[in-house]
Amino acid sequence: METKKEIRCNSLKKRRELPLTIRREYSRIITDQVVSHPFFHCAEVVYCYVGFREEVDTSGLIQIAWAMGKTVAVPKVIVDHKMEFYKITSMKELTPGYQGILEPTPQPAYRMEVPKGEQALIILPGAAFDREGNRIGYGKGFYDAYLQKASSCRKIGLAFSIQCLERIPAEIHDICVDMVVTEVGDYRKG
């Protein structure tokens, strides 16, 4: 089996090679699937990454969440390679932050508590996923650390199907996503 580093490199290379028009179309399809899922409908608060580079674009998903009256929170990298989520009400509240990723300006009043239960949904990116919900991130451990604290809420990974493998290496402390949504549907066991 390939190492996590090898899988990450290969998966990100494949994702970069997808033409922009294809990534946009697949992102639209993925958005449609997520917003029609019960996890999304039940969520009062959506903790969602802001798409960067070749990731699945989440801007449409965020707009739909607002239109449905949901609270939207997005991540901000803080000291010591940790991440916190902050409520936003407009994409205009975002500015380039860690490695150029759009992040909210941290305001104590808008900092969100670590989510718990079915009223919260975390939507996260990844370099690769498998059918068991295992995830390989980008190697800094931001989501791994955050998910350790938020393990009781629902989690959906977004990826293009070329990022999904039958099995990837996982460690005992890894927190799996409940499902992975791709342009061809849910990618999970069974």
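The axes of helix H2 (residues 20-35) and helix H4 (residues 59-67) approach within 9 Å and cross at roughly 30 degrees, where helices are DSSP runs of H or I with at least four residues and strands are runs of E with at least two. This is a predicted model, in which local features need pLDDT of at least 70 and side-chain atom pairs count only at pLDDT 80 or more. Residues are numbered from 1 along each chain, and side-chain values use heavy atoms.

H2 and H4 are therefore roughly parallel to each other (angles under 35 degrees). Thr31, Val34 and Val35 in H2 meet Gly60, Leu61 and Ile64 in H4, contact meaning heavy atoms within 4.5 Å. The residues of this contact comprise four nonpolar, two polar and no charged.

Tyr26 also lies in helix H2. With 24% relative accessibility, Tyr26 counts as partly exposed (buried is under 20% relative accessible area, exposed over 50%, partly exposed in between, with a 1.4 Å probe). Leaving aside residues up to four places away in sequence, Tyr26 touches Leu18, Phe160 and Glu183.

Strand S9 (residues 154-158) is mostly covered, with five of its five residues buried. Arg154, Ile156 and Leu158 point one way from S9, while Lys155 and Gly157 point the other way. The pairings of S9 are listed below; two strands pair if DSSP finds at least two bridges between them.

| Strand paired with S9 | Sense | Bridges |
|---|---|---|
| S6 (residues 120-124) | parallel | four bridges |
| S11 (residues 179-182) | parallel | three bridges |

Leu121 has Arg154 in S9 as its bridge partner, and Leu158 stands opposite Val181 in S11.

Terms used:
Axes fitted to C-alpha atoms, helices over the stretch in contact; angles between N-to-C directions. Parallel < 35°, antiparallel > 145°, perpendicular 65-115°, else oblique. Nonpolar A, V, L, I, M, F, W, Y, C, P; charged D, E, K, R; others polar.
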